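Subject: Structure for you to look at

Hello,

Here is the structure I promised to pass on. Please open it first, then read my notes below.

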Amino acid sequence: IARRPDLLSGLAQLWRQPGYPNFLIMNVLMGAGAASFIGFIGLHILALGGSEAQVGMVYALNAVTEIPIMFVGAWILTRFRSSHLIVAGLMGFAIVYGIMATATTPVTILVVAPLLGVLYACFWLAVVNFASKSAPDGLRATGQALVGAAQSGLGWSIGAVVAGTLWDAFGGSVVLMTAAGMMGTAALVYAQANPFKRSTRR
């Protein structure tokens, strides 16, 4: 019978994986940027003179465009390195958030919103693949939980506080531009470690 790996030693092994600390920091920054967008894009649209229907459309377009990418996710992972998908996704977020920050009408935001679903689906496929292949046998669920804690826990909390403070002081454009900066910084942090120059396709 295979012995279950010790949790602490498994976590230490995870941390020693090439680029793994950068991977977790990247997820914190990504979560902070995403929280800033999700929490305040609706208010920003209304501030630009948009309607509640347009707010709902932004969220719907974001979600619907994820579906076809997830459907062909296995094919995507066989064609592109996870490291490339992660960096491309983060830089894509930064560009789209920047466009939304400088938009003067809700229509511009609606036009670029579908890109976020495509970017997030590709990014998330790559993140899950990285986390799975980095974790020792028997600790893959723990590895996925760490990603969730970094991105949706710590990162989301930081992003909500920072974005709320910026909204009160400066408004939606600054919130979204800051979110773009967080995504760009996340890409740089992850790329700096560059753990996938070797032959692995993780």
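From the N terminus on, the elements run α-α-α-α-α-α-α-α-α. That makes nine helices and zero strands. Keep in mind that this is a predicted model.

**Overall shape**

Of the 202 residues, 46% count as buried. The accessible surface comes to about 9700 Å². Carbon and sulfur atoms account for 69% of that surface.

Now look at the contacts between residues at least 6 apart in sequence. Of these, 82% join residues at least 24 apart.

**Helix α3**

Next, find helix α3, residues 52-64. It has 13 residues, and at 1.5 Å a residue it should span 18 Å. Its end C-alpha atoms are 18 Å apart, which agrees.

Which residues of α3 are buried? They are Val 55, Val 58 and Asn 62. These residues cover an arc of only 55° around the axis, so they sit on the same side of α3. The face turned away from that buried side carries the exposed residues Glu 52, Ala 53 and Val 64.

What covers the buried residues of α3? The cover includes α2 (20-47), α4 (66-71) and α7 (106-134).

**Aromatic rings**

A pair of aromatic rings is described by the distance of the centres and the angle of the planes. The chain has ten aromatic pairs, counting rings whose centres lie within 6.5 Å.

Take Phe 93 and Phe 123 as one of them. Their ring centres are 6.1 Å apart. Their planes meet at 70°, and over 60 degrees counts as edge-to-face, so this pair is edge-to-face.

Phe 93 lies in helix α6 (residues 82-102), and Phe 123 lies in helix α7. The pair therefore ties together parts that are 30 residues apart in sequence.

Best wishes

Notes
Residues are numbered from 1 along each chain as its sequence is written. This is a predicted model: local features need pLDDT of at least 70, side-chain atom pairs count only at pLDDT 80 or more; totals for chains, interfaces and linings use all residues. Side-chain values use heavy atoms; hydrogens and water are left out. Helices (H or I, at least four residues) and strands (E, at least two) are DSSP runs, numbered from the N terminus. The expected span of a helix is 1.5 Å times one less than its number of residues. Buried means under 20% relative accessible area, exposed over 50%, partly exposed in between (1.4 Å probe, protein chains only). The arc is that of the directions from the helix axis to the C-beta atoms. Contact means heavy atoms within 4.5 Å. Accessible areas come from the Shrake-Rupley method with a 1.4 Å probe; for residues, only the protein chains shown count as cover. Rings of Phe, Tyr and Trp (its six-membered ring) pair if their centres lie within 6.5 Å; planes under 30 degrees apart count as stacked, over 60 as edge-to-face and the rest as tilted.
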